[in-house]
Amino acid sequence: MIKNRIKEYRAKCDMKQEDLAKLVGVRRETIGNLEKGKYNPSLVLAWNIAKVFHVSIEEVFTVEEQR
């Protein structure tokens with residue numbers, strides 16, 4: 001399962017879901033679904049989100065192994 005810290009990074013940047021969505025070229029609902037763990041991003045989307053926050057992909061997204 002892929003976990004993410006998008007909401008945390010958005011809060012640090014005082015950014016709304018809609019703002020991030022516009023910057024990475026997706027709908028606001030997509031950002032909401034990512035934050036809730038309902039959707040796994042493509043590599044390109046993960047890269048673009050990390051780039052907005054000036055961090056590596058690994059700082060935003062982590063893979064949690066299932067048991």
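1. Let's start with Arg-28 and Glu-29, whose side chains meet in a salt bridge with N and O 3.7 Å apart. The term means that a side-chain nitrogen of Lys or Arg is within 4 Å of a carboxyl oxygen of Asp or Glu. Side chains of opposite charge can pair when their charged atoms come close. Arg-28 is partly exposed at 38% relative accessible area, and Glu-29 is partly exposed too, at 35%. Here "buried" is under 20% relative accessible area, "exposed" is over 50%, and "partly exposed" is in between (1.4 Å probe, protein chains only). Elsewhere, salt bridges that share partners tie Arg-5, Glu-8 and Lys-12 into one network.

2. A word on what you're looking at. This is a predicted model, where local features need pLDDT of at least 70 and side-chain atom pairs count only at pLDDT 80 or more, while totals for chains, interfaces and linings use all residues. Residues are numbered from 1 along each chain as its sequence is written, and side-chain values use heavy atoms, with hydrogens and water left out.

3. How many salt bridges does the structure hold? There are six. One of them pairs Glu-18 with Lys-22, with the closest N and O atoms 3.5 Å apart. Both residues lie in helix 2 (residues 17–24), four residues apart, which is about one turn of the helix. (Helices are DSSP runs of H or I with at least four residues, strands are runs of E with at least two, and both are numbered from the N terminus.) Lys-22 counts as exposed at 63% relative accessibility, whereas Glu-18 is partly exposed at 41%.

4. Now try Glu-35, which forms a salt bridge with Arg-10, the closest N and O atoms being 2.5 Å apart. This pair links distant parts of the chain: Glu-35 is in helix 3 (residues 28–35) and Arg-10 in helix 1 (residues 6–12), 25 residues apart. Is Arg-10 buried or exposed? Arg-10 is buried, with a relative accessible area of 10%. Not counting residues up to four places away in sequence, Glu-35 touches Asn-4, Ile-6, Lys-7, Arg-10 and Gln-17; contact here means heavy atoms within 4.5 Å.

5. On to the inside. The largest nonpolar core has 17 residues, and those touching the most other members are Ile-6, Leu-20, Ile-31, Ile-49, Phe-53, Val-60 and Phe-61. Helices 1, 2, 3, 4 (43–52) and 5 (57–60) each supply at least two residues of this core. Helix 4 gives the largest share, four residues. (A nonpolar core is a set of buried Ala, Val, Leu, Ile, Met, Phe, Trp, Tyr and Cys residues joined through side-chain atoms within 4.5 Å.)

6. Have a look at Val-60 in particular. Setting aside neighbours within four places in sequence, Val-60 is in contact with Lys-3, Asn-4, Arg-5, Ile-6, Tyr-9, Ile-49, Ala-50 and Val-55.

7. Tyr-9 has something else to show you. The charged end of Lys-12 sits over the ring of Tyr-9, 4.9 Å from its centre. To count, NZ of Lys or CZ of Arg must be within 6 Å of the ring centre and within 35 degrees of the ring normal.

8. Finally, the start of the chain. Met-1 lies in the segment before strand 1 (2–4) and is partly exposed, at 47% relative accessible area. Which residues does Met-1 contact, leaving aside neighbours within four places in sequence? They are Thr-62, Val-63, Glu-64 and Gln-66. Met-1 and Phe-53, on the other hand, are 52 residues apart in sequence and 22 Å apart in space, C-alpha to C-alpha.
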